[in-house]
Amino acid sequence: MNSIPSCCRGSSIDDLVQLTPSELQNKLRTNINYNIFENIALNRYGWDGLPDSIPERILEKYLYYYGKVGVFDDPEFGWLSLPLNPQGGMNVYFEYTRYNAFGNGYNKLINIDDNSVLVRNNYTMTPSFPLVVYYTDLITNIDRTIETQLYTLKKPYVFTGDEKSLMTIKNTFKQIAVNEPFITVTDKTRNKIRESLELIELNTDYHINDLFLVKNQIVADLCTKLGFRGQTYEKNERLLVDEINANNELVYMSTISEFSERQKAAKKMSEIMGRDIRVYYKVEDNFFKSVQEVVSGAGEVYDNTERSD
């Protein structure tokens, strides 16, 4: 089974060559935006003390894509962290206790007990990638709209007239383009141009500033749902304290669901592995230090400047 859902994998060369230039630009911009926000989402939490066989990057990637990861000791590979599929065996709370852990050429049935750990991405064990995919589509649509309007703002001159007069105008603009210091025409040509040529006005409304504002608000909304504060760039308006606090509460609730589940998993992993494993939030912000303080319950913030590499 492939470790990455098909909707997040790239297209083949054969697929790309069949696209029109505009469709190719759409796909390119979508991939660029998705990669940016995917890397942000994957890089929010850090882990200290993990065994060498469990890279932090792999653990967070599987939580991001699958919503849950099983950590267990394999006789051949040592400690592993792999995505899970439920395989029955529910407890009294209707929660699965038996899972199939799978990797590249690897499958193993494990029980969630004292010798293994179920790491949840959040309270509901849901993956994060659908959120990033959804907001990527919204943001890409605005980006492409901005790029399209940039073309319309060029507003080239459009003339109608007889063939000779049109050729004269074309040659005139060629001379302007190469910085000719002066351009000469005969009186007859001048009169002919005045009589036969008509300039068509191209009126284009300017909305790029508004589009950037909407884009920044959508990005800020995604940041809130990922658990950190984004800049909204509201024009000529200062946010009230109550508005800031309300946004902080949303950020807090988004963060604590994920962070607390990782904290619980880190505690159990420390117990069964006999080593000190800690998880921390990578955003350097006093607000998030308070979140870590609340979740840890110890009243002492873990200072990530003292972490070992």
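Buried means under 20% relative accessible area, exposed over 50%, and partly exposed in between, using a 1.4 Å probe and protein chains only. With that in hand, welcome to a tour of this predicted model, where local features need pLDDT of at least 70, side-chain atom pairs count only at pLDDT 80 or more, and totals for chains, interfaces and linings use all residues. Residues are numbered from 1 along each chain as its sequence is written, and side-chain values use heavy atoms, with hydrogens and water left out.

**The whole protein**

Of the 309 residues, 35% count as buried. The secondary structure comes to 9 helices and 9 strands; helices (H or I, at least four residues) and strands (E, at least two) are DSSP runs numbered from the N terminus. Among contacts (heavy atoms within 4.5 Å) between residues at least 6 apart in sequence, 65% join residues at least 24 apart.

**Aromatic pairs and Y66**

There are 10 aromatic pairs in the structure. Rings of Phe, Tyr and Trp (its six-membered ring) pair if their centres lie within 6.5 Å; planes under 30 degrees apart count as stacked, over 60 as edge-to-face and the rest as tilted. The Y66 and F102 rings have centres 5.7 Å apart and planes at 85°, so this pair is edge-to-face. Because Y66 lies in helix α3 and F102 in strand β4 (residues 98–103), the pair ties together parts that are 36 residues apart in sequence. Y66 is buried, at 14% relative accessible area, and F102 is also buried, at 4%. Ring pairs also link Y45, F259 and Y281 into a cluster.

In soluble globular proteins, nonpolar side chains tend to be buried together. A nonpolar core is here a set of buried Ala, Val, Leu, Ile, Met, Phe, Trp, Tyr and Cys residues joined through side-chain atoms within 4.5 Å. The largest one has 50 residues, of which W47, V71, V119 and M269 touch the most other members. Helix α3 (residues 56–66) gives the most to this core, with 7 residues. Leaving aside neighbours within four places in sequence, V71 has contacts that include I54, W79, V119 and M269.

Helix α3 also holds E60, which counts as buried at 3% relative accessibility. Beyond its neighbours within four places in sequence, E60 is in contact with L42, Y45, W47 and R262.

Two C-alpha pairs are worth a look in the viewer.

| Pair | Separation in sequence | C-alpha distance |
|---|---|---|
| F102 and L82 | 20 residues | 6.1 Å |
| D137 and Y34 | 103 residues | 8.5 Å |

D137 sits in helix α4 (residues 129–152) and is partly exposed, with a relative accessible area of 45%.

**A nonpolar surface patch**

On the surface, Y157, F173, I176, I183, V185 and L199 form a nonpolar patch with about 550 Å² of accessible area together. Patches are made of residues with over 30% relative accessible area and no salt bridge, joining like charges within 9 Å and nonpolar side chains (Val, Leu, Ile, Met, Phe, Trp, Tyr) within 5 Å. A salt bridge is a side-chain nitrogen of Lys or Arg within 4 Å of a carboxyl oxygen of Asp or Glu. V185 is placed in the loop between α5 (163–177) and α6 (187–196), and is partly exposed at 47% relative accessible area.

Technical notes: Areas by Shrake-Rupley, 256 points an atom, 1.4 Å probe, with all protein chains shown as cover.
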